[in-house]
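Trainee: I'd like to go through this one and check each label against its cut-off. Can you walk me through it?

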Amino acid sequence: MKSFIVFAMFVAAAVAVPVYNFSGAKAAKVIKFNLNNIGVNGYDYAYETSDGKLASEMAVLKNAGLENESLEVRGFFSYLGDDGKVYRVDYVANENGFQPSAPHLPA
């Protein structure tokens with residue numbers, strides 16, 4: 001019985017310890033996560049974390065069954081910068097490559 005109590009105390013202590021990432025900052029928790037993997041025609045997902053990161057992406061199949069069949073991906077991600085501002089990057093990725101756009105990115 002004593003060993004069970006000691007074991008329970010170690011488990012309680014381990015659970016109470018906060019989790020940190022490699023930089024020493026407290027690790028974020030996933031608040032919201034949605035995934036819709038519709039198979040061969042595309043997918044979409046979205047997530048939000050406790051440290052303010054957001055992301056959403058949707059892919060659709062273009063030119064199905066043809067030689068130039070490809071996925072076109074559209075989405076965005078946003079995060080809180082060290083300066084306290086929220087930065088958002090919208091993007092398209094297709095046969096023309098990855099094309100990000102945001103006011104804070106160089107033109």
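Predicted model: local features only at pLDDT ≥ 70, side-chain atom pairs only at ≥ 80, totals over all residues.

Trainee: What makes E5 and E6 a pair, then?
Mentor: Strand E5 (residues 86-94) is joined to E6 by 5 bridges, and the definition asks for at least two, so they pair. The two strands run antiparallel. As for one of the contacts, Tyr-91 has Pro-100 in E6 as its bridge partner.

Trainee: Where does that pair sit in the whole sheet, and what is the strand order?
Mentor: It's an open sheet of 6 strands, ordered E1-E2-E3-E4-E5-E6, with antiparallel pairing. The edges are strand E1 (30-37) and strand E6 (97-101). From one strand to the next, the twist averages 10°.

Trainee: Why are E1 and E6 called edge strands?
Mentor: Each of them pairs on one side only.

Trainee: Now the rings. How many aromatic pairs are there, and what makes Tyr-43 and Tyr-45 a stacked one?
Mentor: The structure has 5 aromatic pairs. For Tyr-43 and Tyr-45, the ring centres are 6.5 Å apart and the planes are at 10°. Pairing takes centres within 6.5 Å, and stacking takes planes under 30 degrees apart, so this pair is stacked.

Trainee: Why is the Phe-77 and Tyr-91 pair called tilted instead?
Mentor: Here the centres are 6.3 Å apart, with 40° between the planes. Under 30 degrees would be stacked and over 60 edge-to-face, so the rest, including an angle like this one, is tilted. The pair also links distant parts of the chain: Phe-77 is in strand E4 (residues 70-80) and Tyr-91 in strand E5, 14 residues apart.

Trainee: How do you know whether Phe-77 is buried or exposed, or something in between? And what about Tyr-91?
Mentor: Buried means under 20% relative accessible area and exposed means over 50%. Phe-77 has 32%, so it's partly exposed. Tyr-91 has 9%, so that one is buried. Across the chain's 107 residues, 17% count as buried.

Trainee: Which class do Tyr-43 and Tyr-45 fall into?
Mentor: Tyr-43 comes in at 23%, so it counts as partly exposed. Tyr-45 has a relative accessible area of 23% and is partly exposed as well. Ring pairs link Tyr-43, Tyr-45 and Tyr-47 into a cluster.

Trainee: Where is Tyr-43, and how far is it from Val-73?
Mentor: Tyr-43 is in strand E2 (residues 42-49).

Trainee: Last one: what makes Leu-35 exposed, and which patch does it belong to?
Mentor: Leu-35 has a relative accessible area of 55%, and the cut-off is over 50%, so it is exposed. Leu-35 lies in strand E1. Together with Val-30, Phe-33 and Tyr-47, Leu-35 forms a nonpolar surface patch with about 410 Å² of accessible area. E1 gives the most to that patch, with 3 residues.

Notes:
Residues numbered from 1 in each chain as written. Heavy atoms only, no water. Helix = DSSP H or I, 4+ residues; strand = E, 2+ residues; numbered from the N terminus. Axes fitted to C-alpha atoms, helices over the stretch in contact; angles between N-to-C directions. Patch = residues over 30% accessible without salt bridge, like charges linked within 9 Å, V, L, I, M, F, W, Y side chains within 5 Å. Areas by Shrake-Rupley, 256 points an atom, 1.4 Å probe, with all protein chains shown as cover. Salt bridge = Lys/Arg side-chain N within 4 Å of Asp/Glu carboxyl O. Buried < 20%, exposed > 50% of the residue type's maximum accessible area, 1.4 Å probe, protein only. Phe/Tyr/Trp six-rings, centres within 6.5 Å; stacked < 30°, edge-to-face > 60°.
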